[in-house]
Structure formats: structure tokens, C-alpha cells
There are 2 protein chains.
Amino acid sequence: MTAISNKVINRLTLYHCLLKYTCKGKPFIASSEIADLLDLDDSLVRKDIALCGVLGHKKQGYVVDELKKSIEQKLGFSERKEVFIIGAGSLGTALVNYADFKDYGIDILALFDNDPNKIGKEIGGKRVVSLEKLSNLISRINIKNIILTVPPQAAQEVTDYAVQCGVRFIWNFTPTVLRVPKTVTVYYENIVSSFMQMQNASIA
Amino acid sequence: MTAISNKVINRLTLYHCLLKYTCKGKPFIASSEIADLLDLDDSLVRKDIALCGVLGHKKQGYVVDELKKSIEQKLGFSERKEVFIIGAGSLGTALVNYADFKDYGIDILALFDNDPNKIGKEIGGKRVVSLEKLSNLISRINIKNIILTVPPQAAQEVTDYAVQCGVRFIWNFTPTVLRVPKTVTVYYENIVSSFMQMQNASIA
DNA sequence: TGTATCATGTGAAAAAAATCACAACAGAGA
DNA sequence: TCTCTGTTGTGATTTTTTTCACATGATACA
């Protein structure tokens, strides 16, 4: 089981979306179809698929259902991943409501916030809890992942606290760079950068 | 003016966040500081910075203010980019409220939706407009960019319509792959993939 | 049954990205 | 003033990623 690069993860996830929504009902799909839709080289698609251990069929392509399941397995979609959201603002709310998360095993347990008007209420069926309780809850149910959707000014402070509480992975939706110990992984969901990359595509 | 790769754009944007929030007040910053915070090689940081045409100072590093401005210029943060959001659900709402967009020149003009309960209302200070009016508005004010935040089931249909209306760039927040003509660019904001990449970091 | 076709699977080559290594030299401090 | 240090800037190397090219062989169809 070789490690697989982020680029491959990204593409496999897109193939999976494609199989899930675009190819509904089709029994087979060719690498060239996937490649055309995503503007990739077809041999690259085949190599990605090979990493999932799926074999295609000459003159037919890949079995959609099998390929979809193999991607799910390879990327661990069916393993349950419990997550807390810190910051019950509109982005936190949007993520709680992101319906597809459950198909990927991403299970949001609760939201945390400091705002007394929000604490105790429910958003998207999940309870909003006082940030003070984070420490307690993390140790009790051993949560490793948090989604950070607080205002940028508060990001580092909240991060320090979360790290102290034992968090291991921080999915950072704030436009800030976080100072964390080496044992903690920050993944930057750099929304603005995405936009710039999109615009760049016009030149490239 | 050489074209610059998406990876570089991504990193430069992060450097910019860092300069904006983390380094407030400091006059200088060394490539090694940036590298440490972002877990990169310092020579890579220097090469990225060189692409912006900024020169550093021996034994001191880069002038924070100058570097920040140069990144803004290189990535075109100050050029105004007008955008429509299609889909006034919770994700659309979150993006309208994303305060930092304006610092990057991203200007959301309006939201579009089919829901009669939403049409005519305001979200985050922007008007929600009937999707039917998209064609008209696009041709009148020549909008090129849309943010797509509709439910995945509706994504392709709305995309077809938007393309027909003359849209050039689609920032796709839905977990779907879109069929578009070669003249249209889709940028996939593959939220789930980000999470998987984050988890992957534990192994890598 | 035979043949032509078309999609796979994969080595080899090319391109892109990152790392290494170090000369240069400005600045700090004795 | 002199020396030492720390940081830049960059050429060379390595690693990673992508593309190219094509042999293989299953399938459709006559």
C-alpha cells in the first residue's frame, strides 16, 4: 500500500464525484471520458485508477460501480471521521449543512462558539456548545479533527486553545497562517487562492 | 511577465495571509520564518518571492510591507473582479459574508436563486434575484465569473444555462463534475478532497 | 470463426517542482 | 575598522508528476 500524493487524492475525489452524479446509470466508463470532462490526459487517469487496484476492460473501460467503490475504499470514505466545528458563523453553518459530508464519512458532532446567543441552540441539527467545553469534550470522545471557521482575528488564539486540548488536525477556513507544534497538521482551505488560480487559467 | 503556476499562486496567497495577520507590525521577515510557519523549504520561499520581483536584504530578510504589496500586485488583488453567486443556500450565504473577499478584489454583486421565498430579499447586503434574470444581467454588466453553490442535482442544469448566458469562469462549490465547452473554465473547489488530503498528511 | 478496433496498462521520455548547496555580501558587534 | 554571522539569490541536482507512445488483448461484428 503505497502512500498516495495529494494531487492524486484530488483527482480521485473528482473522479468519484463524476461517477456519483454525472455517470449515474452507465455501466462502464472509459479513461478518455473522464479525461475529457476534467481536461486531463487519459493515461494519467488510468494511472490514478491503477493506484486503486482497479482493472479495466478492453474496449469497454472501467465498471463504474466497481471503480466508485474502489476509490471510496482507497480514500477511506467509509471510515467514520468525527469532527468539531469551531466558529458557528455563516461558514460554520454552511459546513454543517453540507449534505455530502456524510457520504465521505465526515461526521460533524457539534459546533463551538463563544457567542452566548448561539450557545445551546442548534444549527443544522447539531448543538452549539460553549468553547469552554471543548477541552472536556475532546478528551472524553477523543476527537482529532476540527474545522476552524472563526473570524481571522481570533484564529490563532482559538488554535492555541484547541492544540492545548489535544487536537491533531485543523482544517483552517480562515485566511490566516497558524502557528502550531510539529505534531499538529494544519490544512489551509485557501479560498481566495482558488479564485486566483481560476483566473490564472485564462492565461495558462 | 512569466505565467505563474497554481502552486505558486497558492503559496503566495498564504504568504500574504501570513504578512497580513501573523506579522502585523514587524518591519522585516526572513524566508526561513515563512518556511517554518508553512512547513516549506526556505529556498522555495525565496524563489516564490523572486517571482514577485522583490529583493530581500542580507541579514534582515524582506520588507514586510513591500512584499505584501508586491504579492497583491502580482496576483492582481487590487483589480476588481465582479462575481455572481448562483444558489442562495447556506454556502452562498457564507460566501457573501466572507469579509476578506473585498481585500482581494472579489466583489459579489448579487445572488441568484429559484426559490420565490428568497427572491427579492437581501443576504449579506446583496439582493437575491430570480435565476431567470441571469441572462439579462450578464449581458448588461458583462459578468464573467460565477460562484456555483446550488444543490449537486441542479448543478449541470444551472451550468448549462449560465454558459448559455455567456459565463466564462465557474467556481464550482458543488461536489459535481461539470460538462462545459472548452471556452469555459471550471475551477473545482473540492472541499472533500481537502479533508482527505489533510488526513493523508498523517501518513506522509 | 476471423478480423479489425478500441481501450487498457505501462515503460520511457519530458516537464515541472522541490531541494540542495554555496557564493556573495550587508549588517552587527567587538 | 575588522571579523563573523546570517540571510539572500541562484545554479545544479534530485524528485515528482505528466505526457508520450505503443504493445496487448478482449470485444464486437461480419
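D100(A) is placed in the loop between α5 (90–96) and β4 (106–113) of chain A. Helices here are DSSP runs of H or I with at least four residues, strands are runs of E with at least two, and both are numbered from the N terminus. The model is predicted: local features need pLDDT of at least 70, side-chain atom pairs count only at pLDDT 80 or more, and totals for chains, interfaces and linings use all residues. Residues are numbered from 1 along each chain as its sequence is written, chains are lettered from A and ligands numbered from 1 in the order in which they are written, and side-chain values use heavy atoms, with hydrogens and water left out.

D100(A) counts as buried because its relative accessibility is 7%. Buried means under 20% relative accessible area, exposed means over 50%, and partly exposed lies in between (1.4 Å probe, protein chains only). Neighbours within four places in sequence aside, D100(A) is in contact with K20(A), Y21(A), P152(B) and P175(B). Contact means heavy atoms within 4.5 Å.

Chain A has eight helices and nine strands. Its C-alpha atoms fill a box of roughly 60 × 40 × 30 Å along the principal axes. Of the 204 residues in chain A, 53% are buried. Among the contacts in chain A with a separation of 6 or more, 55% come from residues 24 or more positions apart.

Two helices of chain A, α1 (residues 6–22) and α2 (residues 31–38), pack at an angle of about 100°. Their axes are 11 Å apart. Axes are lines fitted to C-alpha atoms, for helices over the stretch in contact, and angles run from 0 to 180 degrees between N-to-C directions. The angle therefore makes α1(A) roughly perpendicular to α2(A). That term covers 65 to 115 degrees; angles under 35 count as roughly parallel, over 145 as roughly antiparallel, and the rest as oblique. From α1(A), the residues L14(A), Y15(A), L18(A) and T22(A) meet I34(A), L37(A) and L38(A) of α2(A). By class, this contact of α1(A) with α2(A) has six nonpolar residues, one polar residue and no charged residues. Ala, Val, Leu, Ile, Met, Phe, Trp, Tyr, Cys and Pro count as nonpolar, Asp, Glu, Lys and Arg as charged, and the others, Gly among them, as polar.

The interface joins 60 residues of chain A to 60 residues of chain B by contact. Between them, chain A and chain B bury about 5,700 Å², with 68% of it on carbon and sulfur atoms. Buried area is the accessible area (1.4 Å probe) that two parts lose on being put together, summed over both. V177(A), F195(A) and M198(A) supply 12% of the area that chain A buries against chain B, more than any other three residues.

In chain B, helix α8 (residues 191–200) is mostly covered, with nine of its 10 residues buried. The buried set of α8(B) includes I191(B), V192(B), F195(B), M196(B) and M198(B). S193(B), S194(B), Q197(B) and N200(B) are also among the buried residues of α8(B).

The largest nonpolar core has 150 residues. Such a core is a set of buried Ala, Val, Leu, Ile, Met, Phe, Trp, Tyr and Cys residues joined through side-chain atoms within 4.5 Å. I86(A) and I86(B) have the most contacts inside this core. Leaving aside neighbours within four places in sequence, the contacts of I86(B) include F112(B), L131(B), L134(B), I146(B) and I147(B). L148(B), T149(B), V150(B), V158(B) and A162(B) are also in contact with I86(B).

L91(A) lies in helix α5 of chain A. This leucine is buried, with a relative accessible area of 13%. Not counting residues up to four places away in sequence, L91(A) touches T149(A), F173(A) and A94(B). L91(A) and F173(A) are 82 residues apart in sequence and 8.4 Å apart in space, C-alpha to C-alpha.

K59(A) has a positive phi of about 70° although it is not a glycine. Its place is the loop between α3 (42–51) and β2 (62–63) of chain A. K59(A) counts as exposed, at 90% relative accessibility. In chain B, phi of K59(B) is near 65°, again a positive value in a residue other than glycine. K59(B) is exposed, with a relative accessible area of 89%.

R46(B) lies in helix α3 of chain B. With a relative accessible area of 35%, R46(B) is partly exposed. Residues up to four places away in sequence aside, R46(B) touches S31(B) and Y62(B).
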